[in-house]
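Open your viewer and get ready to click through a few stops. Keep the cartoon view on, with side chains ready to show when you need them.

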Amino acid sequence: MAAKAYDMIVIGAGPGGYVAAIRGAQLGLNVAIVEREHLGGICLNWGCIPTKALLRSSEVFHLMHRAKEFGLKADGIGYDLDAVVARSRGVAKQLSGGIGHLMKKNRITVFMGEATLPARGKVSVRTDKGTEDLTAPAIVLATGARARELPGLEADGDLVWTYKHALQPKHMPRELLVIGSGAIGIEFASFYNTLGAKTTVVEVMDRILPVEDAEISALAKKQFVKQGMTILEKATVKKLDRAKGKVTAHIEAGGKTETRVFDTVISAVGIVGNTEGLGLEGLGVKVDRTHVVTDEYCRTGVEGLFAIGDIAGAPWLAHKASHEGVMVAELVAGLHPHPVKPGSIAGCTYCHPQVASVGLTEAKAKEAGHEVRVGRFPFIGNGKAIALGEPEGLVKTVFDAKTGELLGAHMVGAEVTELIQGYVVGRTLETTEAELMETVFPHPTLSEMMHESVLDAYGRALHF
């Protein structure tokens, strides 16, 4: 049977792949997409979306306990973990179904199965019904990544969990150990801690949320500790001894090893690119530490083969994958898109308090040779934050002292994941402090702190 010919084939239907397919179809390309598990990928089914649904439940639960502060009464406050999880899964299912609708609407052919690349320009898909052979001059790898497993800390789904197990827990942890304090680790720590698990976070680096600005990490840590978490930094989990219903963790810190007993462990120690089994070696694709090496336009060096999203390396963010997908589809269609700039991609962590950032931290800006001006504005100085009952937090801005370029912005506090986009737009428009100062921010809003932080960098803060 002759191979089916397309203009572009996308392998993987996560937020990088399905967006690439849609943009390609919009531009008149005949597009096929191959997915082995779920339309929407990890993000919609097991990552960004269901975790936000869980965290929303814990946030409401937290607010219910604070009812008295707001002049309200709430008695007999409790939760049904199964119902919380069921809501999260329902949200994921609704959105995953929506992707199927978008594929049909855009006339994208969907193949559910495992893809391999037997030769350049060719894709073989193993489906339930047999093998489908496809060809296209452009192939986009968007196969994503999975949780990294360290020797001796492997997940078993019972005592030791990955993010997937943590999204559908078999039990509510009482004594929880979270290994790793990046976005995934700290979000699950925040969720389970709020629901009452006694939570310990172990981080190998010298501070939690290590990619964030040091000042923001320190403020976040202070809030987590206040909420009852135990935070161990510069610490390593060397070994886990598993017994019935308990895990003894050997934790090394400061040259000493101590043991602590937990009933549940969540391992969140990074991710590994899904590069195996595709036939990349035979094509001469360069893979470095499980990630496909690409140029700024996501080209792999093999003609017509692109790699986007998590498989193409950091930052491991859904919105970065989607933007790369659009860029690649436009390249394939003969347009001339701008490359994606990692420095203008915001990172958001949905713990309580939230953390968000874009661009260079203060330390990285100085390392890069910039003379900097730094502005800060605390939530306690903002009327809306106080009215919301959220006076803990900080907005921090970093400028180049000579040019006024906004080098970076860093926030911790309520709703900062929604606020950060203002600074992202500013960086994309290559704004300086002058435009930001002249921008009129509405009152009363949390966004006013973004203005005040800029003013503070230049000694002009009004409310602090």
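Start by selecting residues 406–413, which form strand β26, together with strand β23: the two pair in the antiparallel sense over six bridges. Keep in mind that this is a predicted model. To see one of these pairings, show Ser-357 and find His-410, its bridge partner in β26.

Now stay with β23, residues 354–359. Five of its six residues are buried, so the rest of the structure largely encloses this strand.

Four residues make the hairpin that joins β22 to β23. Click Thr-349 and you will find its bridge partner, Val-355, in β23.

Another cysteine to select is Cys-43, which is buried with a relative accessible area of 11%.

For the next stop, select the open sheet of five strands, ordered β10-β17-β11-β12-β13, with parallel pairing. Its edge strands are β10 (160–161) and β13 (230–232), each pairing on one side only. Helix α6, residues 183–194, packs on this sheet and touches β10, β11, β12 and β17. Compare directions: that of α6 makes about 165° with that of β12.

Finish at β12 (residues 198–202) and β13, which run parallel and are joined by three bridges. Show Val-202 and look for its bridge partner in β13, Leu-232.

Methods. Residues numbered from 1 in each chain as written. Predicted model: local features only at pLDDT ≥ 70, side-chain atom pairs only at ≥ 80, totals over all residues. Heavy atoms only, no water. Buried < 20%, exposed > 50% of the residue type's maximum accessible area, 1.4 Å probe, protein only. Pairing = 2+ DSSP bridges. Contact = heavy atoms within 4.5 Å. Axes fitted to C-alpha atoms, helices over the stretch in contact; angles between N-to-C directions.
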